Each structure stands twice: as C-alpha cells, then as structure tokens.
Amino acid sequence: MKILKESFKETLMSVSPVVIIVILLSLFVVDITSSMMWSFILGALLIIVGLGIFLYGIETGMEPAGKKFGNTVAETASRWLIAFISFILGFSVTVAEPDLLILGQEIETATGGLLIAPIVVVAVSIGVGIMIAFGVFRLMHNFSISKFFLIIYIAIFILAFFADEGTIAMAFDASGATTGALTTPFVLVLSASIAARKGGDEANENSFGLVGAMSTGPIIAVFLLVLFTQSDIQAADVQYEYTDDVISPIISAIGPTFLESFIALLPIIILFLIMNWLTFKTEKSELMKIFKGFGYTVIGLTMFLIGVNEGFMDMGHFLGSEIATYGMWWLIIIGLILGLVVVLAEPAVQVLGDQVSEVSNGQIKKPILMSALSLGVGIAVGLSMLRISLGGFEVWHVLLPGFVLAIVLSFFSPPIFTGIAFDAGGVASGPMAVTFILAFAQGAANYISTADALDAFGVIAFIALTPIITVQILGVSYNIRSKS
C-alpha cells in the first residue's frame, strides 16, 4: 500500500503543475468552455490514477522481472544468446511504452496515415532492441562509452543527410518518447543487474549509459523506415474537433483501449513465462506477485491512455492554437513557463538529482542541477515555439551543434557523468512532454500559416537534448574541482 501511495504522489506532482497552468490561462488569458474544462479535469484525474497504478505495477512486477532478466544475461556465456535476449527484452518493453504509443498516434495524424502508428511503434521497438544489445556488449567488454556514442551519432548524422526536416524531427522525438515510464526503470534495473554481476571497480560506473544507448535506436529506426519505404512525408491538413459530450467518449474508449494495452504488454508477459519455465523457476508466491504487477500495469496503462486521448491532449491542442493568436512572444513565454515547471515535476528528475549529488560526493548540489535542468528545458520548449513561429528555422539548427557539443563534452566529463547524462536525456522528456507539450506545439503549428503539422515535432528532441549537455557540464566542473 505504501508503494501505491508513493506512486500516486509522484503522478500528482507530475500532472498538477500543468493543471494549475491551464486553470490560470483559462482565468486570465483564454476563454475555455466548461465542457472542455471538465473533459480536461477528468482526463487529468484518469492520468494521475492510471499512471500511479501503472508505476505501482512496474515496481511490483516489471522491476523484479527485469532483475531476473539482467542476472540471466550476465550469467550467459554465449554472445549470440546475450544479443538475442537483450534484443527481445528491448523490443518487448518498448512496444508497450505509453509515451511511444501516444507519439505513434500523433505521427499517424500528422502524416495523414502515411506512417501508421503500429508500424512506427514496431520499427522503433526493433531499433531499441538492437541498440540495447549493442549497449550490453559495450558494458560486458568495457568499451569506452565516449567512443561508443561518438560512433553511433556519426552514423545518425550520416543518415540525417538523406532525411527531410519532418523525418529528422520525428526521429529525434521518437528517441525521447521511448525512454518513458516503462522502459527507463526496466532498462536501468537490467543495466544495474549486469554491472553488479560483472563486478569490478567500475561496477557503479557501468550501471549508467544503457538508457542512452537504447535512445539512439529509435532515431536510426525512423530514418531507415522512411528511407526503405520510400515514403514522401507530407504534412496532413489536421483539423481538431472538440465535443461537448464529456462522459460518452471515455466510456466508449474503455474496451478498445484495454485491448490495445493488453496486446502491447503481451510480448513481455510471454517472454517472462518462457524464461521462467526455462531458467528462472520462480517460487509460486513471488510469481503471483509479479503477475499481479503485470495486471496493475495493464489497468494503469488503459486509464492513462484514455485520460490522454479523451480530454488532456485536446486541451493542449486548443491552448496552443489560442495562444498563437496573441503572437509569437506569447507563445514563446508560455512555452518557456511550461518547460520550467513541468521538468521539475517529473519524479525521475528528482531521482536524477539525488544520483548526481551522490556520485559527486555532494560537491554538485541537487538544487544546482534542478535549476540548470529547469532553465535548460524551459529554453528548449521556448526555442521550439520560436522554430514553429519562424519559417526557415529547422530542427537540425539546434540538434546538430547540440549533439556535437554533447559528444565533445563526453571526452572531458567523468565516464559516470557521461552515462548519467545520456540516460537523463529520456528523464526530462516524460509523460507531460509527450502528451501536453507536444499537443500544445501541434495546436500552435496548426494556427500559424507558415507552419504545418510536422513542424510541431522536434519539441521532445529539444527537451531530451538539454540534460545531456547540462549533466556533462556539471561533470566537467566536478572534474576540475576534484583535480584542484
């Protein structure tokens, strides 16, 4: 019960800042109908309860399963078997990631069905599985984390030369969306289990970096998906429709959404059953606890998706288009405020602050990191609103120098900070970024005559880039202090 209460507390902290901002905007800036406000409030409540149950399910079911998978990978002698298990694990957890399911729907809408959501989700999940396998090999063989990311990002930027602006934005957004509430804790547990089994002086250092490795897979996957299917990505003419009916859409969505959630989680459940039969041999009491956790995860995911689709994102679309009518500077200021507030409310960001303080022996205080992240993410969202407002400001104008700086910093920052930094890229781009902030950007792009539906993509990528640079700058600072 204590774990469930903590989960609800985390989700309440995460969602409530957005709710407060919306209420303030409705009181002083934008005229919002009562039916839309009630739909938003009900959606927010479903997200708070659903995400709380989802996180509880992860902690009681997914994380114990992740430890078992991690121990199995670490004890496996065959490299090919390690690669296969790591790939299957990466694919299975990613295909059920709530943030990715939402992003897949948004990509399908923005491209007018040219890239359908299931294909995007499966392609991205395959990319994650492959990169987790590479990341595990890097960990097992002590390959330099700086050189690893250098090689991967060189490959990414080569592929980017053959992609258009919309594809680049969607690819980097997919990277941020995959490191969400399900994949991040599962992969962190997997990484920690392998590092602990491997042992040695670098065990703590090796616990980080696998989330950063997996987040590169979606970028490559989206590039290759568009390249191999020879898709000519064009923005669809998106028209958002709002209904005065508050309850009926929620009720009608329960059945289809539950089925979607169950199918999404089915691969990891089947994999666990197979591995338990072959190797785990889990005791009956523990097995029942894990499957109870799986059940909570399905129920929580269902409630979360209904809350997002039936009210929460509609409000984001509406506010984005309405704020855009006031002009570019209003859009940038509101975007900046959203970024400043939302990142501080992400529970995983609080955990990151504790991690950095611990590994720096208290030399880098948590408030310093939190302030730097808040300012960075605020600037990232503000930059996204500026890019949507101005023609000719493309997503690679920020991403190219940003990731070049991140790679350069990795050679001057302690390896453990580099691992944490690339893992942290997914921490900031949590559920609120993928749902409300992306919807806000899409609403703005829909109103501005010089923009289209594809211009909204890139905002998650900007948010995910910020922690990579911020944490490594703090790592360089820590290095200088240690030497002096």
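Predicted model: local features only at pLDDT ≥ 70, side-chain atom pairs only at ≥ 80, totals over all residues.
On the α17 side, the residues involved are V398, L399, G402, F403, L405, A406, L409 and S410, and they touch A461, F462, L465, I468, I469, Q472, I473 and V476 of α20. Sorted by type, that contact has 13 nonpolar residues, three polar ones and no charged ones.

How do these two helices sit against each other, and at what angle do they pack? Helix α17 covers residues 396-410 and helix α20 covers residues 459-483; the angle between them is about 25°, and their axes are 9 Å apart. Angles under 35 degrees count as roughly parallel, so α17 is roughly parallel to α20. As for handedness, α17 and α20 make a left-handed crossing.

Now for another helix pair, α4 with α13. Helix α4 spans residues 98-110, and its axis comes within 11 Å of the α13 axis, with the two crossing at roughly 45°. That angle makes α4 oblique to α13, and the crossing is right-handed. From α4, the contact uses P98, D99, L101, I102, Q105 and E106, while α13 brings L301, F304, L305, V308, N309, M313 and H317.

| Helix pair | Angle | Axis distance |
|---|---|---|
| α17 and α20 | about 25° | 9 Å apart |
| α4 and α13 | roughly 45° | within 11 Å |

F69 deserves a look of its own. Leaving aside residues up to four places away in sequence, F69 touches L89, F186, L190, I268, L271, F272, M275 and F280.

Stepping back to the whole protein, the secondary structure comes to 20 helices and zero strands. Of the 484 residues, 59% are buried. And among contacts with a separation of 6 or more, 87% are between residues 24 or more positions apart.

Methods: Residues numbered from 1 in each chain as written. Heavy atoms only, no water. Axes fitted to C-alpha atoms, helices over the stretch in contact; angles between N-to-C directions. Helix = DSSP H or I, 4+ residues; strand = E, 2+ residues; numbered from the N terminus. Parallel < 35°, antiparallel > 145°, perpendicular 65-115°, else oblique. Left-handed = near helix turned anticlockwise from the far one by under 90°. Contact = heavy atoms within 4.5 Å. Nonpolar A, V, L, I, M, F, W, Y, C, P; charged D, E, K, R; others polar. Buried < 20%, exposed > 50% of the residue type's maximum accessible area, 1.4 Å probe, protein only.
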